[in-house]
Amino acid sequence: MVFDVIVVGAGTAGATAARVAAEEGAEVCLLERKPRREVGVKICGDAIGKHHFDEIGLEYPKGDELESEIKAIDVYSPDLQTVFHVPGEGFIVNRRLFGQRLLKYAIDAGVRFMDLMRVLEPIIENGYVVGVSVKDLRRERIVKIRGKVVIDASGFLATVRSKLPRELGVEVRVDPDDAIVAYREIRRLKEPHDDPNTCRIYLDADVACGGYYWIFPRGEDEVNVGLGLQMSKGVLNPKRQLYDHVLRQPAFAGSKLLDEGGWFVPTRRPLFSMVADGFMAVGDAACQANPLHGGGMGPSMLGGVLAGEVAAEAASSGDVSREGLWGYNVRFVQAYGAKQAKLDVLRILLQKLSNRELNFGMKRRLITEDELLRVSMGSGFGLRALDVVKRLARSLENPGLLFRLYKCAKLVKEVSKAYANYPKSPEGFEEWEKVVRELFQRAYAL
């Protein structure tokens, strides 16, 4: 049997893409290397904004699936002297139960789910991805599963995308500068939370170089506590940093370890193109996480919806070429990818700042809480010449930092303009990509 759509990976992106494609009438196969009962289990911050559910029309988590309701995020300066309070509604979810719900939706829509199937590599014929080679872990044998469209939703490691020939036009490698390696634990505290509805993020270029550490509430007396480092800063170990600098805090005295683990997150703009002949990528395999905080569940579900729709349309029309699938690129860039790209410019600058600069910038409000809220929602930020003059009085000790922010804001506008002109077809893509790569080279030079 040849499926219309093969989805590799049953996480938030994959389960959503499979469901939507099936709802659109496609014959869908969803492959997952884990056993069914473990679908949804992932080392994660477990936080997701309420607006993501609203955008795709998904029911809010409830019951055992809902660990905590979030009302705000507090962002702390390295010296802990300044706190930005950023209102925003969201949820801490039980990752397994949430994943099981998404999987059930997919199976109920008619998706053929196959667990304990480890995808090895794509099958490529005449320049098209036409299926995948899979190891059936139950029977210990290699099988080939064929489909008109293969969607890689296998996460950061991108099992299919990473093995594509470069001539297919999809990035196969993520630069370590554009990824985070993180470690987190679930702990039960001896005392209940003093504020169970606020997530806390701590900036510290020495402790969490290129990333941050966090303390997120889970219920009345549990926390998701972790630390992420820029992947290229390989001299530091996130687990060691967490134990040496975070878990020594008095709040964790006598706490009980319930779960632990590490993972990788791409924190950058989405892939310049997420499609090739017979191929699509979604979720972390397409670099769709928020570049600033690494949140990926919401964007992954949005990507899954769009990928599922376009894959079903292409399979039905018989045009699964790069051009036939290109609408997915366009729709994702318009819905979220352009916002990611703007956030990525700011992310690149922030990762270069020292603790002294972070303390100074937050204390003097060179970026305000309102601006941070707009930035976190992907609106970008702007510093006009008048803004610079007004804030100059607050930054006389370090005017260079303000002007770097000003240059960053100008570059954000240029990136925004470029993404507004994302090509509507593969024609013109190479020239567009060249322009955007040059813009990001300037961002790395800030």
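This is a predicted model: local features need pLDDT of at least 70, side-chain atom pairs count only at pLDDT 80 or more; totals for chains, interfaces and linings use all residues.

Trainee: What holds paired strands together in general?

Mentor: Strands of a sheet pair through backbone hydrogen bonds.

Trainee: What order do the strands of the open sheet take?

Mentor: The order is β3-β5-β4-β11-β12-β13-β10-β14, eight strands with mixed pairing. The edges are β3 (47-49) and β14 (256-266). Each has a single partner strand, so one side of each is left without a neighbour in the sheet. From one strand to the next, the twist averages 30 degrees.

Trainee: Is Cys-199 buried or exposed?

Mentor: Buried, because its relative accessibility is 3% and the cut-off for buried is under 20%.

Trainee: And what about Cys-408?

Mentor: Cys-408 is in no disulfide either. The nearest cysteine sulfur is that of Cys-209, 18 Å away. Cys-408 also counts as buried, at 0% relative accessibility.

Trainee: On to packing. How many residues are in the largest nonpolar core?

Mentor: That core has 109 residues. Among those with the most contacts inside it are Leu-31, Val-132, Met-280 and Tyr-328. Helix α6, residues 322-350, gives the largest share, 13 residues.

Trainee: Which residues does Met-280 contact, leaving aside its neighbours within four places in sequence?

Mentor: Its contacts include Val-149, Val-150, Ile-151 and Asp-152. Also among them are Ala-307, Val-310, Leu-325 and Tyr-328. There is a second, separate core too, with 17 residues. Val-181, Tyr-202, Leu-227 and Phe-252 are included in that one.

Trainee: Where does Asp-284 sit?

Mentor: Asp-284 is in the loop between β16 (279-281) and α5 (297-317).

Trainee: Is Asp-284 buried or exposed?

Mentor: Buried, with a relative accessible area of 11%. Beyond its sequence neighbours within four places, Asp-284 contacts Lys-42 and Arg-161, among others. Phe-156, Phe-264 and Ser-300 are also among its contacts.

Trainee: How many residues of helix α7 are buried?

Mentor: Seven of its nine, so the helix, residues 355-363, is mostly covered. The buried ones include Asn-355, Glu-357, Phe-360 and Met-362. After α7 comes Arg-365, with a positive phi near 55 degrees.

Trainee: Now the whole chain. How many helices and strands does it have?

Mentor: The count is 11 helices and 16 strands. Of the 446 residues, 57% count as buried.

Trainee: What radius of gyration does the chain have?

Mentor: It has 22 Å. A compact globule with 446 residues would be near 22 Å, so the chain agrees with that. The C-alpha trace spans about 65 × 55 × 40 Å along its principal axes.

Trainee: And what share of contacts joins residues at least 24 apart?

Mentor: That share is 71%, among contacts between residues at least 6 apart in sequence.

Definitions and conventions: Residues are numbered from 1 along each chain as its sequence is written. Side-chain values use heavy atoms; hydrogens and water are left out. Two strands pair if DSSP finds at least two bridges between them. Helices (H or I, at least four residues) and strands (E, at least two) are DSSP runs, numbered from the N terminus. Axes are lines fitted to C-alpha atoms, for helices over the stretch in contact, and angles run from 0 to 180 degrees between N-to-C directions. Buried means under 20% relative accessible area, exposed over 50%, partly exposed in between (1.4 Å probe, protein chains only). A disulfide is a pair of cysteine sulfur atoms within 2.5 Å. A nonpolar core is a set of buried Ala, Val, Leu, Ile, Met, Phe, Trp, Tyr and Cys residues joined through side-chain atoms within 4.5 Å. Contact means heavy atoms within 4.5 Å. The radius of gyration is taken over C-alpha atoms; the globule rule is 2.2 Å times the number of residues to the power 0.38.
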